[in-house]
Amino acid sequence: MSIVTVQLGQCGNQIGYEVFNAICSDFHSTHGICSKKENESYQEACKERFFSEEKTGVPVARAVLVDMEPKVISQTLSMAARSGHWKYDHQSHFCQKQGSGNNWANGYSVHGPTYRDVIMNLVQKEAEKCDRLSGFFTVMSMAGGTGSGMGAYVTQCLRDAFPTSFILNQVIWPYGTGEVIVQNYNSVLTLSHLYQSSDALLVHENDAIHKICAQLMNIKKISFRDVNQVIAHQLGSVFQPTYSSEGASQYSRSPLGDLMESLVPHPELKMLGLRNIPQMSENSLAYSTFTWPGLIKHLRQMLIAHAKMEEGIDWQVRPPLPGHPVPPKASPNQALHFNTSVANLVVLRGKDVQSVDLGGFRDPALYTSWLNPQEAFHIWKTPRAFNKYEKSASLVSNSQFLLQLMDNVVGKAWNMFASKAYVHQYTKFGIEEEDFLDCFTTLEQVISSYASL
């Protein structure tokens, strides 16, 4: 089944390009460890998922590009075409001459309704090219204007137009030091609206990815493209084809459906985080070897200790002993020592995946008490390596990983709202104070649900 990607705003378009580039690079590589039949089966599943094909034989990304300014879309289209390996459909994009000026309300209340029909026509045409549609993967910033405001509006339109299709929103959490003065407002508005219409939100934090670039990839002057390539690698490590059940002879055909079934057992709990190991520079990789027990041990501790990367993990954090439940947290912003999970998915790629012991992830102590660990933990695997790593493991987790961040953002936004700071910038485009209050209420409920795990 196929996924249609909707790239929204500057951030969404730049990341979307890197995702397709990473997938296509992996698609074109062959791995000696795998048989010719295995490679062909993998490539066929990948192509069905992410690309359609023109008579020229060049794969065409199943994507719709949306931005209120033409510059980024123009660059994205031409970079893909220049690669010679894949391209975008030149009819599947929409842009105007003016942006939303980092104003969420302008994107949501003005640009969204104004251009709804033309954008949804592009989406409909892309969906009709799919023999079988799995759903939509939207890529957007959480705190900008076009990407977040218009992204939230377009996601609602997708839900209305395709009520039975899955929608996964990939959102970029802004830098904690601040990108724009109203980013906390934008974040609260985006998250609360997406929670109403999306099946799940997959969150990447800019601060965490920046650290990976600096400390693991050893990049001295980190650019947005460096950050986006790390995000793309992580996304590709999950969404490229895998066997989603033990002994399966065919690659999973419904990636979004399998993801939701594995990780979202309750509609109130749908915030997903992604960890991937190993990640390092090519220079370091040449002198490194990895064992599955070592990778799995690190990945499990990253989950337990709420670590964003394998460097600097707190090894003192332990799951609670049977009969000794985790003491209730006084508040969500109290330091999270142990990260309780709703559900986890581990994706293994590379040599000897069949022999990997993942029993540590089935420990009932890792999970909330109302879900059976056998239902809360899933494994996807393939003997085909991804990117340049002979062995790699990814963890997609529905857990308390965002609890503290979310509570901080809501708290800062509420303090601004209480003093009416910048509220006029939203009310002039039709977002009233009651709308803000509804959004705060929605997110307070989400915070409460995760805090009570």
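Is Cys-439 buried or exposed, and what is its relative accessible area? Cys-439 is buried, with a relative accessible area of 5%. Buried means under 20% relative accessible area, exposed over 50%, and partly exposed in between (1.4 Å probe, protein chains only).

## Basis of the model

This is a predicted model, in which local features need pLDDT of at least 70 and side-chain atom pairs count only at pLDDT 80 or more, while totals for chains, interfaces and linings use all residues. Residues are numbered from 1 along each chain as its sequence is written, and side-chain values use heavy atoms, with hydrogens and water left out.

## Cysteines

The whole structure was searched for disulfides, and zero were found. A disulfide here is a pair of cysteine sulfur atoms within 2.5 Å. Cys-95 is in no disulfide. Its nearest cysteine sulfur belongs to Cys-11, 17 Å away. Cys-95 counts as partly exposed, at 25% relative accessibility.

Ten strands form an open sheet with mixed pairing. Their order is β5-β4-β1-β6-β7-β8-β9-β12-β10-β11. The edges are β5 (93–95) and β11 (377–382); each has a single partner strand, so one side of each is left without a neighbour in the sheet. From one strand to the next, the twist averages 20°. Helices (H or I, at least four residues) and strands (E, at least two) are DSSP runs, numbered from the N terminus. Two strands pair if DSSP finds at least two bridges between them. Strands of a sheet pair through backbone hydrogen bonds, either parallel or antiparallel.

β6 (residues 133–141) pairs with β7 (residues 166–173) in the parallel sense, over seven bridges. Phe-137 stands opposite Leu-168 in β7, and Ser-141 stands opposite Ile-172 in β7. β1 and β6 also pair in the parallel sense, over six bridges. Ser-2 faces Leu-133 of β6 as its opposite residue. β6 is mostly covered, with eight of its nine residues buried.

β10 (residues 341–350) and β11 pair in the parallel sense over six bridges. Val-347 stands opposite Trp-380 in β11.

Contact means heavy atoms within 4.5 Å. Axes are lines fitted to C-alpha atoms, for helices over the stretch in contact, and angles run from 0 to 180 degrees between N-to-C directions. Again, β6 and β7 pair in the parallel sense. Helix α3 (residues 70–83) packs on the sheet and touches β1 (2–8), β4 (63–67) and β5. The direction of α3 makes about 150° with that of β4. Helix α6 (residues 183–197) also packs on the sheet, touching β6, β7, β8 (200–205) and β9 (271–277). The direction of α6 makes about 165° with that of β7.

## Nonpolar cores

A nonpolar core is a set of buried Ala, Val, Leu, Ile, Met, Phe, Trp, Tyr and Cys residues joined through side-chain atoms within 4.5 Å. The largest has 93 residues. Met-271 and Phe-361 have the most contacts inside it. Helix α4 (residues 104–128) gives the most to this core, with nine residues. Apart from it lies another core, of 52 residues, including Val-139, Val-230, Ala-232 and Ala-343.

What does Phe-361 touch, not counting residues up to four places away in sequence? Its contacts are Ile-296, Leu-299, Arg-300, Leu-303, Val-346, Leu-366, Tyr-367, Phe-377 and Leu-395.

Gln-7 is in strand β1. Gln-7 is buried, with a relative accessible area of 0%. Its side chain makes a polar contact with the side chain of Asn-13, at 3.1 Å. A polar contact is a pair of N or O atoms within 3.5 Å; within protein, one must be able to donate a hydrogen and the other to accept it, and residues adjacent in sequence count only if both atoms are side-chain atoms. Beyond neighbours within four places in sequence, Gln-7 is in contact with residues including Tyr-17, Phe-20, Thr-76, Tyr-88 and Val-139.

Ser-92 lies in the loop between α3 and β5. Ser-92 counts as buried, at 4% relative accessibility. Leaving aside neighbours within four places in sequence, Ser-92 is in contact with Ala-63, Val-64, Leu-65, Leu-122, Glu-126 and Lys-129. The C-alpha atoms of Ser-92 and Glu-310 are separated by 39 Å.
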